[in-house]
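Visitor: Please take a close look at a single part of this model, and then connect that part to other features of the structure.

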Amino acid sequence: MENKTNHLDRRDFLKIVGITAATSTASLYGCAPKAEKAIPEATALGPIPTDKMTYRINPTTKDKVSLLGYGCMRWPTVPAPDGKGEMIDQDAVNKLVDYAIAHGVNYFDTSPVYVQGWSEESTGIALKRHPREKFYIATKLSNFSPATWSREESIKMYKNSFKKLQVDYIDYLLLHGVGMGNGMKAFNERFVDNGILDFLLKEREAGRIRNLGWSFHGDVKVFDEVLNMEVQWDFVQIQLNYIDWQHASGRNVNAEYLYGELAKRNVPAVIMEPLLGGRLSNVPDHVVARLKQQRPESSVASWAFRFAGSPEHVLTVLSGMTYMEHLQDNIRTYSPLEPLTEEEKQFLYDTASLIKEYPTIPCNDCKYCMPCPYAIDIPAILLHYNKCVNAGNIPESSQDENYKKARQAFLVGYDRSVPKLRQANHCIGCNQCSPHCPQRINIPRELQRIDKFVEQLKQGTL
Amino acid sequence: MLRKIRLISATICFTLITLLFLDFTGSIHAWLGWLAKIQFLPAVLALNIGVIIFLILLTLLFGRTYCSVICPLGVLQDLMAWVGKKAKKSKLPYSYSPAISWLRYGVLALFILAIIAGIGSLVALLAPYSAYGRIANNLLQPIWIGGNNLLAYFAERADSYAFYETEVWLKSVPTLILAVATFVLLFVLAWKNGRTYCNTICPVGTILGFLSRFSLYRVQIDTDKCNGCGLCARNCKAACINSKEHAVDYSRCVACMDCLNKCKQGAINYMPIWNKTKTTSPHNGETNLSRRRALSATLLITMASAMKAQNRKTEEVVMKKDGGLEPIKERKPSNRQTPLVPPGAQSIKNMTSHCTACQLCVSVCPNQVLRPSGDLMTLMQPEMSYELGYCRPECTKCSEVCPAGAILPITTADKSATQIGHAVWIKDYCVPLTDGQKCGNCERHCPTKAIQMVPSVANDPKSIKIPVINTERCIGCGACENLCPARPFSAIYVEGHERHRIV
């Protein structure tokens, strides 16, 4: 054997190497599904199924909706070529949409205000490349600012969605953010007094809207009142996850109640924030260990998705997937859904109370508060704070054992996550942001609290 | 052997003092700060008698070893000359030239006059320590920080907090231009003729030259052994050995010991004066040094036009959409009547009369507050401005590093009670009045609670609130000015005080 190798001359050697390489790559590629050769898939758990997605049936239109819905609020962005701000990475969006559709996802949820107002157009471009009957599109009437409350402005916004999305009918149209602002008064001003609701009901009759519903944030009185209106609602979008089920933060309403009311009336529920903007996948270490112990091969996020997808009146669970890995993980979780057992549900309720012990700020990075007119990067500050909470880097006093390390991690990390001129000490407390926050965070108060903490760390007076 | 000792100690001194100028964390000053304090000019300006006596004794004993070991500008020139020697591939690059006495003494006289008259800019221009500080701060520190930022880049990706990124910013265009000019001038002089600057321009060199004429140990030529080959003179970077006459100009010899081993006859030695060998006294000849100095002036002009700060234009936001960042609008410096100098400086007079403009405080200021002045009289001396940061309560770095007594040591407690200026409110820019938004960011961040918010309409307690300043309490730290949301000019700025006082 040794002799033989010694006798191999260089040309023979190269030949053999070349042939082996060629055959092995060929066989590797041969295994992968045709459409997405370039995308690496997690192989330890086997390929990601293309035909096992769980579907739910919409009782009114009999739509067969994939349990995983694509939230188009967090499309990837890249720096704009002119150096001013950023723009949507359309190639990446196309790739994500193609992959999602190839794996059975058929519900896409967007809004005229998402991603600095670019989401509808970008989603439209990506979906235009697929047959119209392959997907359901959901968008919203996002007439938040008083400037858009008039009938003309609202209808203009509605019509513009068709143009941006390049469609002639919308499968699911939502009144955006019902319950935000000033109770029923805001609802009436936005949808009733200007006759927009009647207009939309007529559009539904005309078939340009296939399902009419609304998304809910905030005031429970508005929820009850709107749900009991003399209108047939085809669906309602609510925030549901294992923390909000019984421990909704701030002025959010417990999802157990919201879901219960919908189920009673047989109104399908579309779920948003199943993962709380990533807060339920980025949890303290001991919570990771706790979840992994139960199912070592499943991701931390998969627990949250199984929780949100288990109730049977849930039509679809929206996830704003910026990254391919998240899309793949979620497809795996729902292909097919393995509903939670009663024990597992209890296990998650207990986990929720463990997570609640960590005083994170309930920011889901939705960016509704942005842009801040005084140039502050609000979500980046809150997320950095939360990250340090989960990592145990918020020292309570300079006597803490890990004070020096935690201080360094907090301050250096702060400068890395947020440019100096966008940090919390520039918050003047004008409070223009808070009304936009679906989580009802008192943003100036939190920013000023963080600023005070930073000052204490810097001055060494903690 | 002597040469090796000189080389090793010079390398150590030079490296350490350079580190002192490069370090932006302020952590090594506790260990190496003395290196700046033993420099001649800072010691004189700080009236640091101990150091002055030490340096005088050192020179009287061993000649101008100060110039060869302690002075970083001297060692820098040796470095440049060494590069020049290598590049020229010449084994015998130098030759004897007579001293240019009128220039030496002329510059020294000018220098002393400038100190007395308090023209800091002229002092800083001529003094070797200031020149080195200028070069290190403006040319070397950006490279150093660049390296640090590269490490920070990798640290960030490795989830480590060991390195953090720091900003390189243009502190002052004139100072940068002068630093480049100084560097180029020195490089050309050192490349061609070794220690020309030290022996014709440097006022410290001239003063030490007075003393070194009488030094106890000195380089001496044994005329019995000397065959007049001139090897020693051709190796002397100070051009002070007149081999024909067997004479050494001790006022110019920097005791580098380079000549000692070159002599094949063993005729040249470094030894005490009482081992006197037959020498004749040096005599002065005619001189010319003409074309080299034209360089600096032309450089100044070309550089000035090349540097301009960039202005960012702002975009308008039409309708509220989610996400995105409001562009950051540039902050312009406020127009101060009286310059601001840091706590510990005591008064502007104390600052201008002691400061060597070495840039050490500018190098170490972590808040981007200190920068070299552009004023003609105080050119390159530090002054404060609050566009990029403010004088933070926990920091006393500049007072720790100053070797010249321009910024005297101060504690954080004393600093928090030292009034260096006072805040002034500009109604026309104030956000509650211009934008109709409630603000109070100045009040929230004032460390001495010198600012209160009061209704803008005297009889209407519900009217939007504006800040009022209790100037008696204000210490002038600039937190209000820096954190004011108004742009491009702050609605509140700090006016400097001639003399600081305790409040």
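Guide: The helices H4(B) and H12(B) are oblique to each other, because they pack at an angle of about 50 degrees. This is a predicted model, in which local features need pLDDT of at least 70 and side-chain atom pairs count only at pLDDT 80 or more, while totals for chains, interfaces and linings use all residues. Residues are numbered from 1 along each chain as its sequence is written, chains are lettered from A and ligands numbered from 1 in the order in which they are written, and side-chain values use heavy atoms, with hydrogens and water left out.

H4 of chain B covers residues 49-62 and H12 of chain B residues 203-212, and their axes are 8 Å apart. Axes are lines fitted to C-alpha atoms, for helices over the stretch in contact, with angles from 0 to 180 degrees between N-to-C directions. Helices (H or I, at least four residues) and strands (E, at least two) are DSSP runs numbered from the N terminus. Angles under 35 degrees count as roughly parallel, over 145 as roughly antiparallel, 65 to 115 as roughly perpendicular and the rest as oblique. On the H4(B) side, B:Ile56, B:Thr59 and B:Leu60 meet B:Leu208, B:Leu211 and B:Ser212 of H12(B), contact being heavy atoms within 4.5 Å. By class, this contact of H4(B) with H12(B) has 4 nonpolar, 2 polar and no charged residues; Ala, Val, Leu, Ile, Met, Phe, Trp, Tyr, Cys and Pro count as nonpolar, Asp, Glu, Lys and Arg as charged, and the others, Gly among them, as polar.

Another pair in chain B is H6 (residues 72-88) with H10 (residues 173-193), at an angle of about 55 degrees and with axes 7 Å apart. H6(B) and H10(B) are therefore oblique to each other, and their crossing is right-handed. Residues of H6(B) in this contact include B:Leu73, B:Met80 and B:Val83, and residues of H10(B) include B:Phe183, B:Phe187 and B:Trp191. The classes in the contact of H6(B) with H10(B) are 10 nonpolar, 2 polar and 2 charged residues. In the loop between helix H9 (128-157) and H10 of chain B sits B:Asp159, whose phi is positive, about 60 degrees, although B:Asp159 is not a glycine.

In chain A, H3(A) and H14(A) pack at about 10 degrees with axes 11 Å apart. That angle makes H3(A) roughly parallel to H14(A). A:Lys95, A:Leu96, A:Tyr99 and A:Ala100 of H3(A) meet A:Met324, A:Leu327, A:Gln328 and A:Ile331 of H14(A), a contact that divides into 6 nonpolar, 1 polar and 1 charged residue.

A:Ser335 and A:Pro336 are joined by one, with omega near -10 degrees, and A:Pro336 is in the loop between H14 (324-333) and H15 (342-356) of chain A. B:Arg487 and B:Pro488 are joined by another, with omega about 5 degrees, and B:Pro488 lies in the loop between H21 (479-483) and strand E10 (492-502) of chain B.

Between the chains, 39 residues of chain A contact 35 residues of chain B. The area buried there is about 3,400 Å², of which carbon and sulfur atoms give 54% (accessible area, 1.4 Å probe, that two parts lose on being put together, summed over both). The count across this interface is 1 salt bridge, that is, a side-chain nitrogen of Lys or Arg within 4 Å of a carboxyl oxygen of Asp or Glu. The side chains of A:Glu455 and B:Arg392 meet in a salt bridge at 2.8 Å, N to O.

Conventions. Left-handed = near helix turned anticlockwise from the far one by under 90°.
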